[in-house]
Amino acid sequence: MAFQKIAPLSVALNFVFPPVCTACKGYLSDTSTPVCSTCWDGLETDAGPFPDCSTGDFAFSSIRAVWKFSPVFQTIAHLLKYDKKHAVGRRIGEIMFARTLPEYFSGMDLLVPVPVHHTRKRERGYNQAEVIAQALATRSGIALHARALKRLRKTGTQTKLGKAQRGKNIFGAFMAVEDLSGKKVLLVDDVFTTGATVNACAQALKAAGAAEVRVLTAARA
Ligand SMILES: [Zn+2]
């Protein structure tokens, strides 16, 4: 009797339940992430203008975001943050690297993700900014120092606070736990809104001796 090849279960399941994009609910041909290529490609580029960092209001020297915040980005960020979708974080980091001018990375000594509080990391099992920073480190060759910063306290959600309140709420929430004398640091986060969080991180990095801090985030709200 001839051996009959049986279609793998995944193929059969795809036939009965075709995979759909989490964002647009359309057919998902590339299942490497739960979001389709049309949605990834449709994310709107943030072409600036970016905050002026020469005024002395910020501890970082420059800040760039790759995309504008949008409902699709929100879905993607949610997958990364709460659904353990590391592939989403890697894709974000890869696109961020591809879409950021090489000059922005040049001369940087290390990549540091904005940390989450250790209790939150324990709940989720990972830090979403670190997943992005890891992909950026792989592409750029810049060393990842995922534990250079420590979050000292939980700051709660910042979404309902005004700009001044956000700054106050987050001030002193971070501490650098390694000597960064003379180092140029590229600080990585998923989203920036007022810049209060990355500014508090940059202050901590500078206090540990960092010569320069640049910020790169996936999106700007
Ligand atoms: Zn889609």
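L111 stands opposite L144 in β3. This pair belongs to the contact between β2 and β3, two strands that pair in the parallel sense over two bridges; strands are counted as paired if DSSP finds at least two bridges between them. The model is predicted: local features need pLDDT of at least 70, side-chain atom pairs count only at pLDDT 80 or more, and totals for chains, interfaces and linings use all residues. Residues are numbered from 1 along each chain as its sequence is written.

**The sheet**

β2 also pairs with β6, in parallel and through four bridges, and here L110 stands opposite V185 of β6. Both faces of β2 are covered, with L110 and V112 buried on one side and L111 and P113 buried on the other. A residue counts as buried if 20 or more other C-beta atoms lie within 10 Å of its own, as exposed if 12 or fewer do, and as partly exposed in between, with C-beta atoms placed from the backbone. In a regular strand the side chains alternate between the two faces of the sheet.

The whole sheet is open and has five strands in the order β1-β7-β6-β2-β3, with parallel pairing. Its edge strands are β1 (62–68) and β3 (143–144), each of which pairs on one side only. β1 runs parallel to β7 (residues 212–220) and is joined to β7 by six bridges; within this pair, R64 stands opposite L216. Strands of a sheet pair through backbone hydrogen bonds, either parallel or antiparallel.

| Strand pair | Bridges | Residues standing opposite |
|---|---|---|
| β1 and β7 | six bridges | R64 and L216 |
| β2 and β3 | two bridges | L111 and L144 |
| β2 and β6 | four bridges | L110 and V185 |

A218 lies in strand β7 and counts as buried, with 27 C-beta neighbours inside 10 Å. Not counting residues up to four places away in sequence, A218 touches A65, V66, W67, I92, M96, I132, D190 and V191; two residues are in contact if their C-beta atoms, placed from the backbone, lie within 7 Å. V191 is 27 residues from A218 in sequence and 5.8 Å away in space, C-alpha to C-alpha.

Helix α9 (residues 196–207) lies across β1, β2 (110–113), β6 (184–192) and β7, and runs at about 160° to β6. For such angles, axes are lines fitted to C-alpha atoms, for helices over the stretch in contact, and values run from 0 to 180 degrees between N-to-C directions. A196 lies in this helix and is buried, with 23 other C-beta atoms within 10 Å. A196 and K163 are 33 residues apart in sequence, and 7.7 Å separates their C-alpha atoms.

The largest nonpolar core has 60 residues, and those with the most contacts inside it are I132, L187, V188, C201 and L205. Such a core is a set of buried Ala, Val, Leu, Ile, Met, Phe, Trp, Tyr and Cys residues joined through C-beta atoms within 7 Å. Domain 1 (1–42) and domain 2 (44–220) both give residues to this core, so it lies between them. Leaving aside neighbours within four places in sequence, C201 is in contact with V114, L149, F174 and L187. In soluble globular proteins, nonpolar side chains tend to be buried together.

**Domains and overall form**

The domain bounds come from an automatic or database domain assignment. The C-alpha centres of domain 1 and domain 2 lie 33 Å apart. Eight residues of domain 1 are in contact with eight residues of domain 2. On the side of domain 1 that touches domain 2, the residues divide into four nonpolar, four polar and no charged. In this division Ala, Val, Leu, Ile, Met, Phe, Trp, Tyr, Cys and Pro count as nonpolar, Asp, Glu, Lys and Arg as charged, and the others, Gly among them, as polar.

The protein chain has nine helices and seven strands. Helices (H or I, at least four residues) and strands (E, at least two) are DSSP runs, numbered from the N terminus. The C-alpha trace spans about 75 × 35 × 35 Å along its principal axes. Of the 221 residues, 39% count as buried. Residues 24 or more positions apart account for 73% of the contacts with a separation of 6 or more.

**Backbone in the loops**

K25 is placed in the loop between α1 (9–16) and α2. This residue has a positive phi of about 65° although it is not a glycine, and K25 is exposed, with 9 other C-beta atoms within 10 Å. P49 is found in the loop between α2 (37–42) and β1, and the peptide bond from G48 to P49 is cis, with omega near 0°.
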